Amino acid sequence: MRLTVNGQPHEFDVEPEMPLLWVLRDELGVTGPKFGCGMALCGACTVHIDGKAVRSCQMPVGSVKGAVKTIEGLGTPEALHAVQRAWIELQVAQCGYCQSGQIMTAAAFLAQHRHPTDEQIDMAMTANLCRCGTYPRIRAAVRRAADSLGGR
Amino acid sequence: MGRIRTIARRTFLIGSAAAAGGLIVGWIAWKWPIANPLLKDLEAGDVTLNPYVRISPTGISIIAPRADVGQGIHSMLAAMVAEELDVAWGGFTVEHGPPSAAYYNEAILAEGVPFAATNDGFVARRVRGLTKVVTKLVGMQVTGGSTSVPDGFEKMRVAGAVARQMLLAAAAKQTGVAVGSLRTEAGAVITPDGTRLEYTALAAAAAVSSTPSNVTLKDPSEWKLLGKPHQRLDIEAKSTGRFEYGIDMRMPGMVYATVRTNPRIGGGMTSMDDAAAKASKGVIKVVPVKGGVGVVADNTWRAFQAAAQLKPQWGAAPYPATSQEIWDVVAASFVKDRQDSRFKDEGDIEAALATDGATKLDAEYRIPFLAHAPLEPMTSVARFADGKLEVWASTQMPRFAVGMAAKAAGIEPEAVTLHTLPSGGSFGRRLETDYIEQVTQLAVAHPGVPVKLTWTREEDMTHDFPRPLGMSRARGAVKDGKIVAYALDIAAPAVASSQMGRLGLSVPGPDIAIVAGAWDQPYGIPNYRVTGYRVPETVPVSSWRSVGASGNGFLHDCFLDELIVAAGADPLRERIRLCTHDASRRVLEAVGEMSGWGTPLPAGRGRGVAFVIAFGVPVAEVVEVTNAPAGITIDRVFLACDVGRVLDPVNFENQVQGGVIWGLGHAVNAELTYADGMAQQTNFHQFDGIRLRQVPEIIVQAVKSGSRIHGIGEPPVPPAAPALANAIFAATGQRIRELPLRKHINFA
């Protein structure tokens, strides 16, 4: 089986029903996407497939058609994505476990919505769970990233 | 006893004294009586100046020996050391360090004594002081109770100051310049001619000089780091997917495991058909663990798949099997035989309740079981080889974890090496050691290679040791616009005895958590009584963010609100009038100003206030809600509190807002219920708080005072639920006396 992850081609041999999350984490060693629920309820496993936010815990690897991008491929400490920069500037994370998924959801949303309203931001981010309660900072960071991307 | 008294006397005699320009600390030897645990594993070229500072030729490491479960304590404790050591922010690494009695938490038991936080009298102070002696003797290295900041505030700064003093002495010896003519700056000693002598180059010489007998700590006005926002040391890694949690560990030869144990906790296993699981792809072996089995495989998902094919026969629950039966046990506990405490007993309640012409009220309130459900499920890694066990796990009790792992492996604690990891949340869950015992059993059964255990969310939700349920029966009387009597009876299981019982320890005396956040509230009500009843243990329970106060705030403050309303008084102004504690009164006044209390709200909106002092921190919250056709919306929350001193305003605000959301979210939406001996909620579709679209604006103010310093992880939680319930009453006239609130009213 073949998959492009963060621009790198990979070849591996697993059953096609294995969720993309576990191929990334256990087979390819890409651990930015997290396991939180296994039922697409929390969003910690969110990655992009051809730019679209996808819950990798519910995506059989055999059904993946397109290039996969994880938080590691979104930006690096040396070259941050605007969403990551906002997350750092506003110090959003507490335990941080949900934040890979939050950031990937926000990045995909902002790529599709250049002029988001506050209400659209709230709805877009509501599918991602944060047990620590960093929501006020998540909300502020998405707004800041939207501003810096020139949309608002 | 003789030993305790001797050490205690030394504690009291040798203290610290305030002096111009700082605080002279002269009890270093007492503080560090236990061998420096860093000496044991020093690598060639490394030195350690005390249990909190290790320096290699290439860098400085600060040891922050508390679990970072998201509260940012590694950055906070490191800032305390760095402030006095004089190293640039980020010019060092921070690590948890090894389990050691040297890292005992001197503040952890101080809230467990029957003295209200508002009581700062001689006896209360002396008994709190004695608890420090106990934690030291036991070597209680524990993260919890919002104690990491009060515990570390002085000792971490002393650690930095002592190390700096030793580095200065080494520089003086090397250069021949007197210490008084040297200064320090960003990790180096600077000579009068401007030469920089890096700490990393001075460390070896400093390590052989003697520890100074006293040091002077900076006056807060000289602080460069503390009291100011600084970027959390983990924020970049956590924002770029590069932070490594326990669940992310990868090692050569590692195998991946999960467990299935009886969700009727403690019920054991009668039989297990594992044929299908063993034949499942990638499975290496199926091995017994306490209460069930573990599946070892070559991939976590394959382990999950195989575990799902197990056909277990579980034993019966050793407790009543349904929520209804458990509530019956609670309801039957309001009897003399089960009375556990009556720490508050003022005036003559029965006479006051019989006052002629008084309006009498009574009510029953309920709070549910709640899961911790940190987003990173229980996970741990272990390798067993040659009779030695190495464990990598997040735990809030590393020394207890070592003991339990040793027991599970059948070896001595000295043969166990534990690496304490940061984690993706805890909220008290990682005070338990079940997942560490399990990974030990797996590693012993599959020796020689690292075994990583990962729980499914379903295993996590159905094998929690939840926040206990509870019930209150309250009676009160009002007359002439005033409360004349308030009697509150609370029945709940005891957290501490359940939790410590699993570690083989017994806890004597009454259980403070049954009445915490209720008995100790600062109101001058003339006839005022709070009684705790200990419910026999049913489902085993544990500490959950803000422990007893998490639910007692709702039980105590909502009925107080009922009494104030019945008296025809204003909810905020009457709490202020009744308040007998200056710091508490100030936060009530502050939240009134912040929220514009008393200004009119449009129709359909309501404002509620609640106040709880817990963990030494008075917290007042005002919640504003709208009663809309689609349901209740929570619009804004105002919070004022007094922690003595805020050491990082950004992290402080984040912790407070997170605590409010934790309190509101569970109050609105969450409960664990039991049927057939098992928790009925298995994942986040059945157990969730509020999500972003329901999260209100939360405005926070730290009231400045001269109070002792306190932690803020837990105190914002207890007033959130009652402030919301009181606001819903104000907006709708509906008084809700059971959580979660959504059982009684819709939320938009």
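# Close-up views of a predicted two-chain model

**View 1. Ala276(B), a partly exposed alanine.** Ala276(B) is partly exposed, because 13 other C-beta atoms lie within 10 Å. The model is predicted. Ala276(B) is found in helix α8 of chain B, which spans residues 275-279. Ala276(B) and Glu376(B) are 100 residues apart in sequence. In space, their C-alpha atoms are 29 Å apart.

**View 2. The two domains of chain A and their contact.** Chain A is assigned domain 1 (2-73) and domain 2 (77-148). The C-alpha centres of these two domains of chain A lie 20 Å apart. Their contact draws 15 residues from domain 1 of chain A and twelve residues from domain 2 of chain A. On the domain 1 side, β3 (46-49) and β4 (52-55) of chain A each supply at least two residues. β3(A) gives the most to that side, with three residues. By class, the domain 1 side of this contact holds seven nonpolar, six polar and two charged residues.

**View 3. Helix packing between α4(A) and α6(A).** Helix α4 (residues 99-112) and helix α6 (residues 135-148) of chain A pack at an angle of about 35°. Their axes are 11 Å apart. The crossing of α4(A) past α6(A) is right-handed. From α4(A) come Gln102(A), Ala106(A) and Leu110(A). They meet Ile138(A), Val142(A), Ala145(A) and Ala146(A) of α6(A). The contact between α4(A) and α6(A) counts six nonpolar residues, one polar residue and no charged residues.

**View 4. Where chain B touches chain A.** In this interface, 47 residues of chain B are in contact with 50 residues of chain A. On the chain B side, the elements that give two or more residues are α7 (235-239), α9 (300-308) and α19 (649-669) of chain B. α19(B) gives the most to this side, with six residues. The chain B side divides into 17 nonpolar, 18 polar and twelve charged residues.

**View 5. Domains 2 and 3 of chain B.** The assignment for chain B gives domain 1 (2-238), domain 2 (246-317 + 378-454) and domain 3 (333-370 + 466-743). Taken over C-alpha atoms, the centres of domain 2 and domain 3 of chain B are separated by 38 Å. Twelve residues from domain 2 of chain B and eleven residues from domain 3 of chain B make the contact. The domain 2 side of that contact has seven nonpolar, three polar and two charged residues.

View 6. In soluble globular proteins, nonpolar side chains tend to be buried together. The largest nonpolar core here has 235 residues. Val295(B), Leu639(B) and Leu724(B) have the most contacts inside it. Helix α20 (residues 720-732) of chain B gives the most to this core, with ten residues. Which residues does Leu639(B) contact, leaving aside its neighbours within four places in sequence? They are Val591(B), Val619(B), Glu621(B), Val656(B), Val660(B), Ile698(B), Val700(B) and Pro716(B).

How values were computed. Residues numbered from 1 in each chain as written. Chains lettered and ligands numbered in written order. Predicted model: local features only at pLDDT ≥ 70, side-chain atom pairs only at ≥ 80, totals over all residues. Domains from an automatic or database assignment. Contact = placed C-beta atoms within 7 Å. Helix = DSSP H or I, 4+ residues; strand = E, 2+ residues; numbered from the N terminus. Nonpolar A, V, L, I, M, F, W, Y, C, P; charged D, E, K, R; others polar. Core = buried A, V, L, I, M, F, W, Y, C linked by C-beta atoms within 7 Å. Buried ≥ 20, exposed ≤ 12 C-beta atoms within 10 Å, placed from the backbone. Axes fitted to C-alpha atoms, helices over the stretch in contact; angles between N-to-C directions. Left-handed = near helix turned anticlockwise from the far one by under 90°.
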